[in-house]
Amino acid sequence: MVFITLPLAACRSEREGDWQVDFIEPRLVWTREGLDFVAGVDLDPSPAMLEALDRGVSVTFLIALRASSGQVWLPGLDERRRHRFRISYLPLSRHYQLVDLHNGTRSTYPRLNMLVRSLREARSWRIPLAPGEAVSVVRARIQLDRTRLPSPMRLPTWFEPQWHLVSEWRELIPPSRETADDR
């Protein structure tokens, strides 16, 4: 029984590695309004996600940013910022659409691979701060937002590995404000 289970477990872990979502070259940049998290998004959609898009289901991704001013990270005391973007298939025009839900910008692409390629370009997501507020560390993660899926799909996606597109938490130290002001 053990000999049968081990090879099957190895095959499953290989298949789970075929899809993923993560940041590309994340960095922090100071602006007048606060701190910007700048990164591209590396997305390899799962077969279940591709099938859902083809059937007209929009897929939303959540970018969670946490800015902490203390040396110890306490999740309840940090500044949280969430940004979302949605990918949809438009069957009448046979195009894919990318919508930034924070500012409402829309981009349309004739192929999904073109949309995925555009996600790889660096984008900025703002972490608003009060004037003079200090930030010692920023944590960032991107994940598929399963709560934005249609109700009948939500429960099954918690048990299906193809819907578990989530990155690890990235920890970034902001550059000093003096070097940002010199630019």
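Rings of Phe, Tyr and Trp (the six-membered ring of Trp) pair if their centres lie within 6.5 Å; planes under 30 degrees apart count as stacked, over 60 as edge-to-face and the rest as tilted.

## Aromatic pairs

The structure holds five aromatic pairs. One of them joins F61 and F85, stacked at 5.4 Å centre to centre with 20° between the planes. F61 sits in strand β3 (residues 59-68) and F85 in strand β4 (residues 79-90), so the pair links parts of the chain 24 residues apart. F61 and F85 are both buried (under 20% relative accessible area; exposed is over 50%, partly exposed in between; 1.4 Å probe, protein chains only). Ring pairs also link F23, F37 and W125 into a cluster.

## Model and overall fold

This is a predicted model: local features need pLDDT of at least 70, side-chain atom pairs count only at pLDDT 80 or more, and totals for chains, interfaces and linings use all residues. Residues are numbered from 1 along each chain as its sequence is written, and side-chain values use heavy atoms, with hydrogens and water left out.

The protein has five helices and nine strands. Helices (H or I, at least four residues) and strands (E, at least two) are DSSP runs, numbered from the N terminus. Of the 183 residues, 39% are buried. Among contacts (heavy atoms within 4.5 Å) with a separation of 6 or more, 62% are between residues 24 or more positions apart.

## Nonpolar core

A nonpolar core is a set of buried Ala, Val, Leu, Ile, Met, Phe, Trp, Tyr and Cys residues joined through side-chain atoms within 4.5 Å. The largest one has 42 residues. F37, L43, F61, F85 and I87 touch the most other members. Leaving aside residues up to four places away in sequence, I87 touches L43, L53, S58, V59, F61, Q97, L98, L112, L115 and L119.

## Surface patch

L155, W158 and F159 form a nonpolar surface patch with about 410 Å² of accessible area together. Such patches join nonpolar side chains (Val, Leu, Ile, Met, Phe, Trp, Tyr) within 5 Å, and like charges within 9 Å, from residues with over 30% relative accessible area and no salt bridge (a side-chain nitrogen of Lys or Arg within 4 Å of a carboxyl oxygen of Asp or Glu). Areas come from the Shrake-Rupley method with a 1.4 Å probe; for residues, only the protein chains shown count as cover. L155 lies in helix α4 (residues 151-157). L155 is exposed, at 58% relative accessible area.

## Positive phi

Most residues other than glycine have a negative phi. E25, in strand β1 (residues 20-30), has a positive phi of about 45°.
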